[in-house]
Amino acid sequence: MNRVEGVAKVTGQARYAYEYPVEGVCHAVAVQADIPRGEIIRVDAREALALPGVLAVLSCEGAPELADTSDYELALFQSRTVAYRGQIVAAVVAETLEIARQAQRLIKVTYRPGEFDVRLTGTHPGLYRPDKVNPAYPTDTGQGDVEAAMAAADSSVDVTYTTPALHNNPMEPHATLALWEDGDLTLYDSIQGVSTGRDSVAKVFGLPPEQVRVHAPHVGGGFGAKGSPRPNAILAAMCARAIRRPVKLAVTRQQMFSFTGYRTPTIQRVRLAADAGGLLTAVAHDVVEQTSRVTEFAEQTAIATRIMYGAPNRGTSHRLARLDVPTPSWMRAPGECPGMYALESAMDELAIECGLDPIELRIRNDPATAPESGKPFSSRNLVACLRAGAERFGWDGRDPRPGIRREGRWLVGTGVAASTYPVYRSPCRATARVGPDGRYTVAVAATDIGTGARTTLTLIAAAALGVPVERVTAEIGDSALPPAPVAGGSMGTGSWGSAVVLACRALRRALDEHAGAVPDTGIEAYGDTAEELAGQQDFARHAFGAQFAEVRVDTGTGEVRVSRLLGVFAAGRIINPKTARSQFIGGMTMGLGMALMEESVMDHEFGDYLNHDFAQYHVPTIADIRDIDAVWIEEDDAHLNPMGSKGIGEIGIVGTAAAIGNAVHHATGRRVRDLPIRIDRLVG
Amino acid sequence: MRPFVYRRATDAQGAVATFEAAPHAMYLGGGTNLVDLMRLGVASPDLLVDVTGLPYDQVEETPGGGLRIGAAVRNSDLAADAAVRRSYPVLSQALLAGASGQLRNLATVGGNLLQRTRCPYFQDVSKPCNKRDPGSGCPAREGEHHNLAIFGHSASCVATHPSDMAVAMAALGAVVHVEGPGGPRRIGMPGLHRLPGDTPERDTVLEPGELIVAVELPALPYAARSRYRKVRERASFAFAVVAVAAALDVADGVVRDCRVALGGVAHVPWRAELLETTLRGAPATRESFVVAAEAEFAQARPLRDNAYKVPLARNVIVGVLEELL
Amino acid sequence: MEAIEIVLTVNGDERRLAVDTRASLLDVLRERLGLTGAKKGCDHGQCGACTVLLDGRRVNSCLALAVAHQGAEVITVEGLADGDDLHPVQRAFIEEDGFQCGYCTPGQLCSAVGMLDELKQGWPSAVTGDDDDLGDEPSDDEIRERMNGNLCRCGAYAGILAAIKEASR
């Protein structure tokens with residue numbers, strides 16, 4: 001089914017946060033610290049305030065107090081501390097954007113700079129063991145004796161991979177429009193969750209949640225960067241309150257590299273041991289990553305290794321360095337994405353060591369139950385994905401020898417990697433209503449950040465109600481609707497859809513009671529998944545997939561082109577094939593960027609991400625995407641949710657970089673273990 | 001952005017006179033780089049003299065068999081010009097290798113020549129940069145420079161010139177026509193751009209108030225077979241890591257003449273004169289191309305992290321010359 | 001601040017207004033004329049979300065100063081459809097799912113319309129061979145190269161390519 005908001009989006013009628021027409025709205029612009037660590041001595045705003053059209057300057061000097069300062073990133077101007085370069089230290093509000101921007105450069109902040117450390121290394125003296133990793137996984141796990149298994153192995157690999165910091169870079173920069181009315185706050189915000197966003201903002205301002213309303217009917221992408229309110233939301237609200245007028249603020253693309261989150265860089269050691277038959281005897285994955293000085297974010301990089309392959313001896317660990325950097329955060333498949341790059345690259349290396357086809361190696365080590373927990377899988381179709389993909393891609397008969405296929409100036413190679421992502425679900429509520437006109441409306445405070453949620457929920461409701469989709473409307477993107485979890489963790493459709501189904505079933509029962517007659521006031525019914533979720537059986541619930549890449553590498557220049565990319569996924573029941581395919585392919589496209597070009601470069605001298613725009617932080621263009629496709633295996637899994645679906649927003653990016661890296665090795669014989677696979681790492 | 005006065009000029013003399021009346025005037029072409037730099041705070045003119053309305057929007061054949069390209073011609077028009085495609089394909093290819101369709105529709109020939117470096121430090125006003133703020137230092141030299149210069153850099157600047165078009169023009173020996181307070185003059189390329197030395201704030205030899213009005217391409221019949229090849233970090237829409245503009249004149253298996261210029265390697269479009277000298281009169285073979293390229297790169301001085309550009313550029317040169325055989 | 005009065009014809013309507021010399025065409029469309037279809041994704045010509053048709057050609061409106069385009073004719077995404085009758089490119093984007101979040105979409109659409117016109121005029125691209133016929137149906141490679149200036153972070157490129165092919169028929 002086509003996207004229900006398709007016409008609005010192609011005609012420019014779909015409004016995003018910054019775009020709501022509000023009488024008398026003013027423009028705020030943020031001023032950022034240009035030291036990575038220290039104290040603010042003075043903020044001199046005189047020149048800015050003297051500029052006609054400037055309405056206010058906010059900073060630590062005389063800023064309004066916030067009720068809750070537990071989240072450093074949101075506790076704007078509540079202290080004189082600078083914890084990273086690019087932190088917001090002041091803001092200016094003006095009648096027009098042009099004046100605000102001019103005034104921004106007139107604000108002079110003086111600092112007492114401190115010693116800083118922004119360099120992540122595998123031997124950083126400050127490495128420590130966090131109590132848990134995101135969101136609540138054990139930091140370390142272990143069974144058996146990995147060292148002994150490595151020593152006794154017939155084949156083994158002990159390799160270290162690195163991935164750089166990556167920035168989500170949704171196309172719509174974070175933006176907020178804030179209005180206060182009689183002490184109530186309304187925000188039009190570019191955010192992935194309106195209910196949780198409302199609660200966070202209310203907490204910061206010390207307001208009861210019902211005095212805050214967050215609208216986000218259309219969100220221009222997020223990929224985790226808009227998973228919670230970012231400083232822009234608080235700043236716009238503070239400015240609006242200060243000048244008693246509506247204020248809007250859009251983060252610039254450059255600023256997005258400072259305070260809207262990013263994926264931590266990682267240093268990952270993977271050890272794999274196998275016996276003569278290619279059965280794994282040990283799997284170990286040890287990760288070093290960074291967090292900020294002010295907030296701990298511990299990416300769950302090695303957790304996929306806990307469920308992927310069977311082996312009696314195993315271990316995973318995460319160690320963090322606290323640096324004077326912005327706090328890393330969620331970026332599409334935090335954990336699985338960089339972690340599976342390392343594991344699936346190492347599996348390719350092991351296959352070569354064992355003299356086995358990399359698909360065969362994975363099939364031989366596919367576990368019957370979750371390797372560490374021993375739980376049964378609700379469904380696991382990795383092997384089916386590998387087999388179906390091999391057939392579709394033309395894998396059979398692949399000559400494993402690297403560096404021997406030449407087409408003109410190109411060396412050609414193919415690679416494979418597995419994908420996985422957990423099935424999460426959070427409690428959610430929804431209502432379903434029918435009017436006397438026979439039109440149905442389901443309402444849930446979901447957000448559509450490009451996933452197709454509005455469309456999918458319409459389909460789910462129509463199916464649950466047993467009515468044509470044309471008679472159903474899904475209302476989302478408003479915190480006044482029944483509370484819902486964030487569009488994150490690939491759990492949106494599973495969580496929201498379950499509540500919608502419950503509400504629709506209740507509405508059908510209510511309709512039956514009315515014998516089908518709808519009163520003038522309509523009928524409304526309610527669904528809440530909390531109870532159903534609490535009663536779920538204990539299964540290991542994960543989606544799986546297999547990705548196949550064909551690359552061409554220019555022998556003279558090291559340029560890499562991905563000529564074919566195929567993903568085969570097993571993710572429960574696919575509710576809307578059209579938008580699902582786009583989700584998978586979109587993730588794979590971002591994975592291609594990770595493999596070949598994306599990299600946020602830390603400026604070690606000045607302490608920020610140096611390449612902070614789209615000319616320097618390269619994301620794939622349409623010219624980088626050649627033959628790309630995603631297909632799926634229908635799974636019938638009764639242990640998931642009423643729709644039988646698994647999440648699909650993130651799994652597409654998991655494994656792509658490994659498949660491409662493995663293909664580059666097959667093409668050239670070169671194993672690049674540091675992403676991205678830039679030309680300077682292949683040329684010469 | 002600082003406030004500025006906007007004036008639209010209708011002729012070159014008027015433009016120059018208007019320019020001279022303000023202390024920090026700049027000429028505005030398509031604005032694709034200048035507006036970008038103004039928004040970053042890198043450029044802060046108090047007067048913009050819009051020169052896109054000047055009568056320099058034509059591409060005309062010259063009596064000597066060359067082309068005269070008005071400075072206000074848009075990049076997309078120049079790339080699509082039939083005479084350019086026929087006689088100087090390297091120029092059309094260079095233009096099309098640069099930027100995006102949207103940017104080429106705005107960008108002018110004059111503005112393209114005067115683009116400023118995309119060195120990350122130059123573009124960030126919160127950091128030192130000798131080019132932007134003379135005497136403040138060059139963090140790129142010891143910092144992030146994996147895509148910066150390998151030729152002709154100095155202690156004060158290791159930036160590269162970003163234009164593709166200028167590389168092709170340098171190879172073709174284009175002549176830049178200038179009007180200015182001191183009257184008209186002509187500057188032969190690659191002489192328009194200068195190496196950074198101690199004064200990296202000056203990208204070109206233009207004096208304040210001087211305005212590019214045209215670029216003349218001299219007749220070069222063998223340039224009808226010429227090529228531009230650009231290597232970058234994604235398939236399209238990125239600045240060059242290395243680019244090569246080349247034309248080759250071969251008779252009886254011997255190189256009679258050749259033109260080779262490089263982009264992405266220096267503060268200027270780098271005309272490979274040593275390579276050209278070495279190649280003239282040599283057999284037109286891969287071996288000769290390799291020897292000539294090696295001669296050129298003997299003078300390269302790569303920085304800590306950009307030595308890969310030497311084999312890369314050499315391979316691209318050899319590949320392009322082979323294609324021109 | 002210097003304000004200059006300009007006249008623009010936007011989607012067929014003549015609009016007269018005084019603008020700050022610093023205002024981009026994009027900000028004038030979005031903040032002054034209420035036409036928020038054109039998007040601000042980078043404000044530096046690096047993403048293409050702001051693409052509009054300016055005097056018939058696709059341009060990055062974020063880098064065009066409004067004062068420099070006195071008298072210009074501007075078509076934004078809001079002006080592509082003929083009333084309720086969508087432009088073929090718009091229809092194809094919906095049908096081929098050529099977008100997800102929709103934020104790059106107005107720029108993609110205006111760019112595609114401008115690009116198809118450039119093809120019609122026989123303009124070459126970096127992938128056009130000497131003997132290529134830029135006739136009715138552009139190759140995939142031609143479309144990919146010509147649409148390079150419109151980034152889509154959702155990765156809807158496969159759908160965008162299919163949509164433009166469909167619309168070019």
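**Figure 1. Overall form of chain A.**
Chain A of the predicted model contains 16 helices and 26 strands. Its C-alpha atoms fill a box of roughly 75 × 75 × 50 Å along the principal axes.

**Figure 2. The interface between chain C and chain A.**
In this contact, 46 residues of chain C meet 59 residues of chain A. Chain C and chain A bury about 4300 Å² between them, and carbon and sulfur atoms give 56% of this area. Three residues, Gln100(C), Arg144(C) and Arg153(C), supply 20% of the area that chain C buries against chain A, more than any other three residues.

**Figure 3. Salt bridges and polar contacts between chain C and chain A.**
Nine salt bridges are counted between chain C and chain A. A salt bridge joins the side chains of Lys248(A) and Glu31(C), with a distance of 2.8 Å from N to O. There are also 28 residue pairs in polar contact between the two chains. On the side of chain C that touches chain A, at least two residues come from each of the helices α1 (25–32), α2 (88–95), α3 (105–120), α4 (140–146) and α5 (157–168) of chain C. By class, that side of chain C has 21 nonpolar, 11 polar and 14 charged residues.

**Figure 4. The interface between chain B and chain C.**
Chain B contributes 37 residues to this contact, and chain C contributes 35 residues. The area buried between chain B and chain C is about 2900 Å², of which 55% lies on carbon and sulfur atoms. Two salt bridges are found across the interface. A salt bridge links Asp77(B) to Arg57(C), and the closest N and O atoms of this pair are 2.5 Å apart. The interface of chain B and chain C also has 15 residue pairs in polar contact. Several elements of chain B each supply at least two residues of the side that touches chain C, among them β1 (5–8), α2 (34–40) and α5 (89–97). The largest share of that side, five residues, comes from α6(B). The side of chain B that touches chain C comprises 17 nonpolar, 10 polar and 10 charged residues.

**Figure 5. The two domains of chain C.**
Chain C is divided into domain 1 (3–79) and domain 2 (88–168). The C-alpha centres of these two domains of chain C lie 22 Å apart. Their contact takes 18 residues from domain 1 and 19 residues from domain 2. Together, the two domains of chain C bury about 1300 Å² between them, 56% of it on carbon and sulfur atoms.

**Figure 6. Details of the contact between the domains of chain C.**
One salt bridge is found across the interface of domain 1 and domain 2 of chain C. The side chains of Arg58(C) and Glu118(C) meet in a salt bridge, at 2.8 Å from N to O. On the side of domain 1 that touches domain 2, the strands β3 (51–54) and β4 (57–60) of chain C each supply at least two residues. The largest share of that side, three residues, comes from β3(C). The residues of this side of domain 1 divide into six nonpolar, seven polar and five charged.

Note on methods:
Residues are numbered from 1 along each chain as its sequence is written. Chains are lettered from A and ligands numbered from 1 in the order in which they are written. This is a predicted model: local features need pLDDT of at least 70, side-chain atom pairs count only at pLDDT 80 or more; totals for chains, interfaces and linings use all residues. Side-chain values use heavy atoms; hydrogens and water are left out. Domain bounds come from an automatic or database domain assignment. Contact means heavy atoms within 4.5 Å. Buried area is the accessible area (1.4 Å probe) that two parts lose on being put together, summed over both. A salt bridge is a side-chain nitrogen of Lys or Arg within 4 Å of a carboxyl oxygen of Asp or Glu. Helices (H or I, at least four residues) and strands (E, at least two) are DSSP runs, numbered from the N terminus. Ala, Val, Leu, Ile, Met, Phe, Trp, Tyr, Cys and Pro count as nonpolar, Asp, Glu, Lys and Arg as charged, and the others, Gly among them, as polar. A polar contact is a pair of N or O atoms within 3.5 Å; within protein, one must be able to donate a hydrogen and the other to accept it, and residues adjacent in sequence count only if both atoms are side-chain atoms.
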